[in-house]
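Subject: Structure handover

Hello,

Here is the structure for your files. My notes on what was found follow it.

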Amino acid sequence: MPIWNAGEECLDLEERAQLQLERLQSTLNRAYKNVPFYRNLLQEKGIEPARIETLTDLQYIPFATREHFSDNYPYGLFAVPLRDVVRIHTAQGTALKPTVSGYTKQDLLVWRELVARSLFAAGVSKNDILQIDVDPGLINWGQAYKDGAEAVESSVIPLTILTPEKQLMLLRDYKTSVLITSHSAATQMMHLVFRSNLNPNELALRTVVLVGEPPDAGIQDRLKHELHVKTWVHYGLSEVPGPALAFECEARQGLHVSEDHFLPEVVDPTTGGVVPEGVAGELVLTTLTTRAFPLVRFRTGDRVRLLPGACPCGRSLSRIEWLSSRTDEMKVIRGVKVHHQQIAYLLERTLGFLPNSYRFLIRSEELRDFLEVWLKVDEAIFSDEVKGMERLCLRLGKELTQELGVPVKIRLKEESSFQSLQLSHRIEDLRAKPFEP
Ligand SMILES: [Zn+2]
């Protein structure tokens, strides 16, 4: 029986806590036995998995971070032998090495069902034609949505990397009724609809599922009023990687966390202490059913607050409000997370050296967000030939776009563009907010 009918979304609180505790203990035992990283982490604190007797005992276990993923590249955090892994995914991390996650057959089945139930909550069914349009940096999610949408028997147009104009052509000609996309890509699509003089009533689109970025009420209002669609926000992590870890129901009062498969905690990002319900902090997640790549107290960097009270929809899964700022230095461009260290590493790798002065900016042109990299023209980069410099920019831009999965433009700038700046080498966000609510 599919999960969305199995009642795990509506367990009473005591039953759910019991289920979570059993699954947590099993996860900790497997992680302790099979993953040296977690074993060392627990041993350093003198904790044996058997000592975790309640859900709140979890807070004695140290956090896992993206840096730990990098340190254990590629397979160091797998809890099953490679022969049991049937799919391997890669996500860009904060540091030099990407995050590699694996799935057993069972993991894939669970993910398919989780995505299916989140789509089901958005009213997606076998009567829908579903189109997936996300940036290359979210390609793994495209696969997960394809699997989940097939499970609810929608007709799926899988993720293909196309220009926005071609995506719109598919949307119109194939009579797409459900679009999975990011806020940024949806904004761009809306812009294109009007620029192409298309009457939104001629489109079959009725549902837009927004992924990868926190809710933006301004964009959602515009989509609702101008394209006449309902919007639904899904929260996910590239690292698990799963796109529908939390989802909106018809009550639109926060996002339900799939708590039967993930244990959420909200912590103070500075002290690491668990904060009370209703207080904003960093979301920390522990997987409860994942076999190949379990995460124990993973710091997501996403800012949320747990919402008190019951949801009118009848699901007892806790709800989070997903807030727009992050607790770390990652930035989100078109739903894809990017870190300044990672860009600097790619620059160095492509050029063979790290330039003396550079800036990373997020900008927007015609509602299309992209990363702009400024490099100072100096002896190392300077070429007498204009064509030589153009070639360098093109090569760098292509390489970074491919690696990061978001559009990147390179600009060579004179020294004056860097003067009087306290160069922190962090990413500067210069996007204008396109629509105020
Ligand atoms: Zn609900």
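Four donors count as tetrahedral if all angles lie between 85 and 135 degrees. Donors here are N, O and S atoms within 2.8 Å of the metal (3.2 Å for Na, K and Ca), and water is not among the atoms, so sites may look incomplete.

This is a predicted model, in which local features need pLDDT of at least 70 and side-chain atom pairs count only at pLDDT 80 or more, while totals for chains, interfaces and linings use all residues. Residues are numbered from 1 along each chain as its sequence is written, and side-chain values use heavy atoms, with hydrogens and water left out.

Zinc site. Cys-249 (SG), His-256 (NE2), Cys-311 (SG) and Cys-313 (SG) coordinate the zinc ion at 2.1 to 2.2 Å. The angles subtended by the four donor atoms run from 105 to 114°, so the arrangement is tetrahedral. For reference, the ideal angle for four tetrahedral donors is 109.5 degrees. Along the chain, the donor spacing is C-x6-H-x54-C-x1-C. Cys-249 lies in the loop between strand S8 (242-248) and strand S9 (255-257), and Cys-311 in the loop between strand S12 (298-307) and strand S13 (319-326); the two are 62 residues apart, and the pair links distant parts of the chain. Strands (E, at least two residues) and helices (H or I, at least four) are DSSP runs, numbered from the N terminus.

Accessibility. Buried means under 20% relative accessible area, exposed over 50%, and partly exposed in between (1.4 Å probe, protein chains only). Cys-249 is buried, at 0%, and Cys-311 is buried too, at 7%.

Disulfides. With a disulfide taken as a pair of cysteine sulfur atoms within 2.5 Å, the structure holds zero. Cys-10 is in no disulfide, and its nearest cysteine sulfur, that of Cys-313, is 7.0 Å away. Cys-10 is partly exposed, with 45% relative accessibility.

Loop residue. Thr-270 sits in the loop between strand S10 (262-267) and strand S11 (281-287). Thr-270 has a relative accessible area of 74% and is therefore exposed. From Thr-270 to Gly-281 the C-alpha distance is 9.4 Å, over 11 residues in sequence.

Helix pair. The axes of helix H4 (residues 105-121) and helix H5 (residues 139-151) come within 7 Å and cross at roughly 65°. Axes are lines fitted to C-alpha atoms, for helices over the stretch in contact, with angles from 0 to 180 degrees between N-to-C directions.

Regards

Terms used
Four donors count as tetrahedral if all angles lie between 85 and 135 degrees; four count as square planar and six as octahedral if opposite donors are over 155 degrees apart and all others between 65 and 115; anything else is irregular.
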